[in-house]
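Hi there,

Here is the structure I promised to pass on to you. Have a look at it first, and then read my notes below.

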Amino acid sequence: MNAHTTPATVPTTVSAPRLALSLSRILATAARVLRQLRHDPRSIALMLLVPCLMLFLLRYVFDGSPQTFDAIGASLLGIFPLITMFLITSIATLRERTSGTLERLLAMPLGKADLIAGYALAFGLLAVVQSALATGLAVWFLGLDVVGSAWLLLLVALLDALLGTALGLFVSAFAASEFQAVQFMPAVIFPQLLLCGLFTARDNMQPVLEGISNVLPMSYAVDGMNEVLRHTDVTEDFLRDVLVVSACALLVLSLGAATLRRRTA
């Protein structure tokens, strides 16, 4: 008998991770999310109407000083969509997981990247409507004085809303309840709000805080809005700001796909 008997090897099948995105799966996911949102009028109102309402109130808070509204209105035009999309996306995604819907979906031939891309597409379509409404209200009804093109203002507002969507998808993986998802706002949104240059120029901040603000995406969202506010042409700084916000949104969406879990702990 051979002392060095080789044990029999049992063939195993290792499923490779699905890397390629499927357009049909993405569109199906986006359509399902939009159908669900159609039956949630409160969420739709929060996404579409609240940014407009906040801009409307802001305009008449500074009714005696229109130049103040011009100074900060463009910045808030980018900040409000980011915040509302962050809230709605994080809560909606978490609700899918806690209800078991996400687990059932991932048991099907649906990759995490497909799911995240489908959510991003659905909320991105709503972000287009939201940004168009807010930009049109600010420029053509509230009289926001913009030197550059209103279309560029719309572009930055849309990218900011998509960034908020990406951040919401990402943080939903770390929340165990809708209340915890809302609690992420002070950690994720408020520091960016304080350091983005809305309240004071970033180069007037303490050097450490200025350095931190230079790596936060909301800083470039506000800078991009201000570039449109002050310049008639597309500047190099504007292109940089748009590219940074876009890259951050794509990076956070990728992280969201990597950290997506089927259910809460």
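Predicted model: local features only at pLDDT ≥ 70, side-chain atom pairs only at ≥ 80, totals over all residues.

Residues are numbered from 1 along each chain as its sequence is written, and side-chain values use heavy atoms, leaving out hydrogens and water.

**Helix pairs**

Two packed helices are described by the angle between their axes and the distance between the axes. Axes here are lines fitted to C-alpha atoms, for helices over the stretch in contact, and angles run from 0 to 180 degrees between N-to-C directions. The helices are DSSP runs (H or I, at least four residues), numbered from the N terminus.

Start with H1 (residues 23-38) and H6 (residues 112-141), which pack at an angle of about 50 degrees, their axes 7 Å apart. That makes H1 oblique to H6; angles under 35 degrees count as roughly parallel, over 145 as roughly antiparallel, 65 to 115 as roughly perpendicular and the rest as oblique. Their crossing is right-handed (the near helix is turned clockwise from the far one by less than a right angle). Ala, Val, Leu, Ile, Met, Phe, Trp, Tyr, Cys and Pro count as nonpolar, Asp, Glu, Lys and Arg as charged, and the others, Gly among them, as polar.

Next, H3 (residues 50-61) packs with H4 at about 160 degrees, with the axes 9 Å apart. H3 is therefore roughly antiparallel to H4. The contact includes Met54 and Leu58 of H3 and Phe69 and Leu76 of H4, and its residues divide into ten nonpolar, two polar and one charged.

H4 also meets H7 (residues 150-171): their axes come within 7 Å and cross at roughly 30 degrees, so H4 and H7 are roughly parallel to each other. The crossing of this pair is right-handed.

**The largest pocket**

The largest pocket has a volume of about 310 Å³. On a 1 Å grid over the protein atoms alone, a pocket is an open set of points where a 1.4 Å probe fits, with protein on both sides within 12 Å along at least five of seven lines. Grid points are joined across faces, edges and corners, and the volume is the space filled by probe spheres set on the points.

H11 gives the largest share, six residues. By class, the lining has seven nonpolar, four polar and eight charged residues.

Enjoy exploring!

Notes:
1 Å grid on protein atoms, 1.4 Å probe; cavity = no way out; pocket = protein on both sides within 12 Å on 5 of 7 lines; lining within 4 Å. Helix = DSSP H or I, 4+ residues; strand = E, 2+ residues; numbered from the N terminus. Contact = heavy atoms within 4.5 Å.
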